Amino acid sequence: MGSFIANLLLATVRMASPLIFLSLAELYSQRAGLVNIGIEGLAAIGSLTGFLVSLISGSPLLGVLAGALAGILVNMIFAYATITLCAEQIVYGMAINIFAPALAAFTYRVYFGSGSELVQVELMGTLKSMLGIKSDNFFVNLFLDQTPMVYLAFVLVILTAVYFTRTKAGLNYKAVGEYPKAAATIGINVIGIKYLSCVICGALAGIGGAYLTTCYSKTYVDGNVAGRGFIALAAVIFGRWSSGGVLVACLFFGFCDALQIRLQLVNNTLPYQFFQMIPYVATIVVLAIIGAKKAGPRASGQPYRKEER
Amino acid sequence: MAVGTPQTEVLRMEHITKQFGSVYANRDINFDVRAGEVHTLLGENGAGKSTLMNVLFGLYQPTEGDIYVRGQKVKIESPSQAVKLGIGMVHQHFMLVEAMTVFENIILGDTRSKGIFIDQNARKKEITELSEKYGLDADLDQPITELAVGAQQRVEILKALYRGCDVLVLDEPTAALTDQEAEGLFEIMNKLKGEGKSVIFISHKMREVLRVSDRITILRAGQTVETVNIGEVSGEELANRMIGRELKPSQYIKADSSGETVAVLDHVSYHKNSKHNGLNDISLRVHRGEIVGIAGVDGNGQSQLAMLLTGNIAPEEGSMDLKESKVVRFDPNGFIQENVSHIPEDRNKAGLVGNMSVADNLVLKTTRDKRFSDGNGLHLKKKAIRNYALEMQEKYDIRCSSVDQESRNLSGGNQQKVILARELEASPDLLVAVHPTRGLDIGATRFIHDTVIMQRDLGCGVLLISADFDEILEVSDRILVMFEGRIMGEYSGKNPPIDEISHAMAGK
Amino acid sequence: MKRKGIGALVIVPLLSIIISFLIGCIVIAALGANPVDAMRYLLKGSFGNVRNLGTTFSRATPLIFTTLCACFAYRCGVFNLGGEGQFIIGAIIACYIATKAPFTGFPAILLCAVAGAAGGGLWAAIAGVLKVWRGQNEMIITIMLNYVATLLMGVVYTNWLRDGSVPQTVAVPDETQLPSFFGLRATVAFPVAVIAGIAIFYFLFYTSSGFQLRAVGLNMTAAKVNGFNVKRYLLMSFIVSGAIAGLGGALELLGTQLRLINGFAAGYGFDGVAMALIASLHPIAGIVVAIFFAALRVGSTTMQTATGVPTSVSDIIQALVIVFTVAGMAMVKLPEFKNRFARRARKEA
Amino acid sequence: MFIKKEANMKRKLIAMVVTGAVVASMAPTFTAHADTHTVAMICDSSISDGGWGMACYNAMMDAAEKCGWETMYSDSIAQSAYYDTIVSYCDLDVDMIYAPGNQYTDAVLQAAEEYPDIAFALLNGGADTPAKAENGNVSSLLPDAKQIGWIAGALAGLMSDTGTIAFIGGMELDTTLAKYDGYGEAAAYVAEENGKSITLLDPVYSGDFSASDKGLEFAKAMMDQDADVFFGDASAVDSGARQAIDEANEAAGEIKVYDIAQPADLLGQNDCVIGSQVTDNSVLIELSMKAVEDGSFGG
């Protein structure tokens, strides 16, 4: 059963990684005062683009980059509508969630036509395979048998923490989410930072989506994001708007998911759906327990108008 | 930057015009500042002082007109440009990020120091030097939320100086300060002058204007009236020019508090230990037909007092009586049923539903009333509501394009009138009015005072909370002073001991 | 100012629809199909004949309910994204009663409707309680509850109420199925939905409670200071909106689907939200919008089958309609826009 | 405010009604290609899922080619949309509706009742289904699921070294359950013959036919329990499983874990695939097409 635990942990990391990208995407968005519930959609388009490009170019890395680009492009719609036109952010997130997946499904169908067998793409190699290590030791697997993207995810968490707590730019960035007018009066380019946040958010969400098709599963199927975008939303609140907290939240969700898969095998008296519920129920319970003592950035969700009277 | 010798002009604004849609906020304004002087912008609320400064600071773009800094014509498109040109501004509503510390707020948006990381020690050293030079003491690691208003203002000034400004704009800086704190501020201003820096001082309080200014520019209705040197004209003269007509000081007859009590607080406490947002062992009574004025600087527990007296918060200790009965449940609705009316501190946040029409706001509390609906609210009588609204518009002289207009589009004065109409038509036994005239021009202020006095004479007990000392003196029959959540003293409204009171306001 | 207000709320959506369809046509042409034909089939499929019209109405019915659910909640400033979950819970309960209850026919239908609504309300109340007493973000909770509800339904149709060979529940007995509406495919659920819409409209704009509820939604602080029981209204808006969705679920089951199966109600919740917003939270307008989208969907099936154009084209058209409308609505609210308009208005005068 | 909104609502209504009218008037009277025969397929999974959907689609194409029929299809349709899709095909006057799966039974029967002139070929339908159709225009094409299971099981019994074999299902369809049972029985039998014992892990279900990542996680988890032969009935989900198996084999440096693919031939696509349970549905379809042409369909 020791291997059970070991494999459980490996699965946890595997399942948490895409969530980390998506949650960071949401974190950057909300830190600049933009609540973007369109992550799910952004990830969908990123996932497809990543798949296509790595298929065509044969380079998963290129796929990831393309996914990021696609995420940015789609998120620019959100940016323009919510920042420039001051549209209601929640509403627009919804719009993205309906638009982007439809676009993805459409593109896939048009590109591959019909009746083809399920197209498979080469995944990004793990460090272990690159180094040609054969050992099957748990720690080797945990720390080396991961794709570069996993390391990137964790590095990003650290960078984000440093950015928001130690750098001037990060301080200004936070100010925009907290009190844009004040930020503007000391010469911070509020609109600029808000757009920047949308670029970062779009890129990370796109990468998170691309991860699914370039590092996780060899195939693309519609709806493969499977609600991860919304879990990310929860992770940011759960994680108290700090990258560290977000990481913990993602690992928690990943763990719940990994656990639920295994419980299905151990136990067959209970319908499998109950196990599939675990991550969602856990989210609700945890949020209910921690409550919402610390609200997020002050001005999140509110539009910012330059000349207002 | 080079310290200019006195008399050298550092800043000039020529023919500045700023339009909002169809409204002229500024019209052909001329204004200049010399090195090492305090130049006051004098004008009542809505005269266009703040707009002019926002134009100077690059927050607004002028519709017409030019700005010259040290003789150079400049186009200020953003605050950062203004900062680069050596212009600093302390806004009336502080621009401090509450979630951050003093230090973080000061270095926020810092462009001068190199590197991507924050070099705590170096920056802190610079700031400490500055604060010592100008006597602006501040604990850098304290979060803003824990600072008193005066301290927050010092942080704002530090912020400006840290960005190396030689023209500092102070927008209504004394509004929230005790006299002592104000004195402190004036000293700082003197130090700044000494350093050859210029201060643009915005105010409508004659006393301090005469005390600190070198030159005074009077604005009225968005236009320059004239610029005068200090000593050329008397206080009254200035006041008259500011308002544009002879101002005869109002003389309200003070009533004596003999009637039955409508509200009694008995040793009430709430968040005792919070100096700025708590109540500490407060006892007071309000009688019918009197106006009890609560004097004191903002943020000494007045807001809590008001919320308590209107049932929005419940006391932690002590008890309260409304009329003859002890209050057991503190909830706003219960108090409203007991004929308690409330003119809230923040008319936009708490007074009005901005996106609803004037008419809706007038009947906000009374839709279940027979006059406005059948079957206890099951069917609203739209017509009746509209007619009532028109009647109120007449009676309270509410200026709006139509009673269907969204109330957020009204001017502050008219918004306040809508609230006044709603609250007074309920013919209350107790009226709690918080800063009822804040930000209103003299005309509206006068109207509101008159109406409140009238209500008093109808037998309503009024509790007036105001940070405007003059207002308190003008209308109160009894004056209580609040400081750090406590009542410092009680004085008669008839020829009150002004010095004593202002000392009390400073906690002495 | 007011005149523009009205105009924009109608013109913007219509304009958005037109633009979206144009783009759709371009895409179709790019696929080598004849856009005109495609559009013909799309329209024929949705309105072409009585049968299709009936189909459109029957497809619109559940959407109307979820739209109304969103309208009601958002009027009180509650972002209930859980319409789908509440809808499903209503259906599950109805399914149990319809198949297990000793009696059938009208009493059963009535019980299903009431219990379904109650179930939906309670399901939403979970999020309501968490918001009101734990200050928790209702969007996330309701989304999570959607997943839970969907999986719960899965349990019901794969295990508890499974009907033989396929993972689906037993069908509702004939006597307990809703009577058809004028012989159309649509059942009486459709008029019920419309009536519900009118009732909500009346409640929101012609009763004191509705008035206060809107006030809470527009300015919570002011509402509290002016003596409204904010918590009560918040909770109520959760429960009522949930109940509307729940009722919708129950009727959808008794009227159209007749059994719980995989894919039941998928996406209805979010659709409702989007439509409510396009209708600028107006219940009656919401009904119209819902019917429009239903028509688009029914039509798109015909379009797909006839021309081989992927159904996702119509998904994209629908998405574009939302994208453009919301952006347009926001744009006309911008001060710059208003000023320009104001000036033009003055010139006219 | 109220007035405003009401006006808005009215205008919207009018606008919509107008659109509706225009539509109705311009809607052409549509007739499908009358001369040649047409078959239309509906499918809940994608027809490019490398599994059931793909196999059934290709089967239709083969049969249609032989008989010179035209084909149409809609795939990835939600169970709640089966009926609408079938009906819209019927409205296009197709000659035969081809529904590959027991799950379509109800929708098919309902439509068959309303369109007596159209033939409905139901793959994997229950044996008694045709009798249920009042117009006798439904036929049930039945490849024996249990048999498929047996063959796979026999193979598994032979190949398994660890003595543990696994099964991944999409939905709890009867055919799926039948395959699972056959799989287990045969494996146990064969194993006994060779004097070893076989344990078949409980079946797991992904709840759909598309979540390949779930297949991957399932397989990994099951390999932790020493399963070394996999048989799947979940289309795209299986591909996820095969991916996990390949990875495991790669790590081990040799192919120790095997997968049995179905219903199409996937040999060579993944190293781990040791055999494919190919069910050739095209013959069955071809028969029904012939029947339609000479009018002997159904009965």
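A nonpolar core, as I use the term today, is a set of buried Ala, Val, Leu, Ile, Met, Phe, Trp, Tyr and Cys residues joined through C-beta atoms within 7 Å. Please keep in mind that this is a predicted model.

With that term in hand, the largest nonpolar core has 447 residues. The members that touch the most other members are Ala95(A), Ala235(A), Val481(B), Ala91(C), Ala250(C) and Val326(C). Helix 10 of chain C, residues 230-257, gives the most to this core, with 16 residues.

Take Val326(C) as an example. Which residues is Val326(C) in contact with, leaving aside its neighbours within four places in sequence? On chain A they are Ala81(A), Ala87(A), Val91(A), Tyr92(A) and Ala95(A), and on chain C there is Leu277(C).

Next, the contacts of chain C. Against chain A, 39 residues of chain C meet 39 residues of chain A. Helix 5 (106-134), helix 6 (138-160), helix 11 (268-278) and helix 13 (312-333) of chain C each supply at least two residues to that side. The largest share, 13 residues, comes from helix 6 of chain C. By class, the side of chain C that touches chain A has 29 nonpolar, 8 polar and 2 charged residues.

Against chain B, the contact takes 17 residues from chain C and 25 residues from chain B. On the chain C side, helix 8 (208-218), helix 9 (220-225) and helix 14 (335-348) each supply at least two residues. Helix 8 of chain C gives the most, with 5 residues. The classes on this side of chain C are 7 nonpolar, 9 polar and 1 charged.

Now chain D. The domain assignment gives domain 1 (38-143 + 281-293) and domain 2 (145-276). Their C-alpha centres lie 29 Å apart. How many residues of each domain are in contact with the other? There are 12 residues of domain 1 in contact with 12 residues of domain 2. The side of domain 1 that touches domain 2 divides into 3 nonpolar, 8 polar and 1 charged.

Last, helix 4 of chain D, residues 105-114. Its buried residues are Thr105(D), Asp106(D), Ala107(D), Val108(D), Ala111(D) and Ala112(D). Within chain D, these buried residues pack against helix 3 (82-91), strand 3 (96-100), strand 4 (119-123), helix 5 (129-132) and strand 5 (138-141). They also pack against strand 2 (166-169) of chain C.

Key:
Residues are numbered from 1 along each chain as its sequence is written. Chains are lettered from A and ligands numbered from 1 in the order in which they are written. This is a predicted model: local features need pLDDT of at least 70, side-chain atom pairs count only at pLDDT 80 or more; totals for chains, interfaces and linings use all residues. Two residues are in contact if their C-beta atoms, placed from the backbone, lie within 7 Å. Helices (H or I, at least four residues) and strands (E, at least two) are DSSP runs, numbered from the N terminus. Ala, Val, Leu, Ile, Met, Phe, Trp, Tyr, Cys and Pro count as nonpolar, Asp, Glu, Lys and Arg as charged, and the others, Gly among them, as polar. Domain bounds come from an automatic or database domain assignment. A residue is buried if 20 or more other C-beta atoms lie within 10 Å of its own, exposed if 12 or fewer, and partly exposed in between; C-beta atoms are placed from the backbone.
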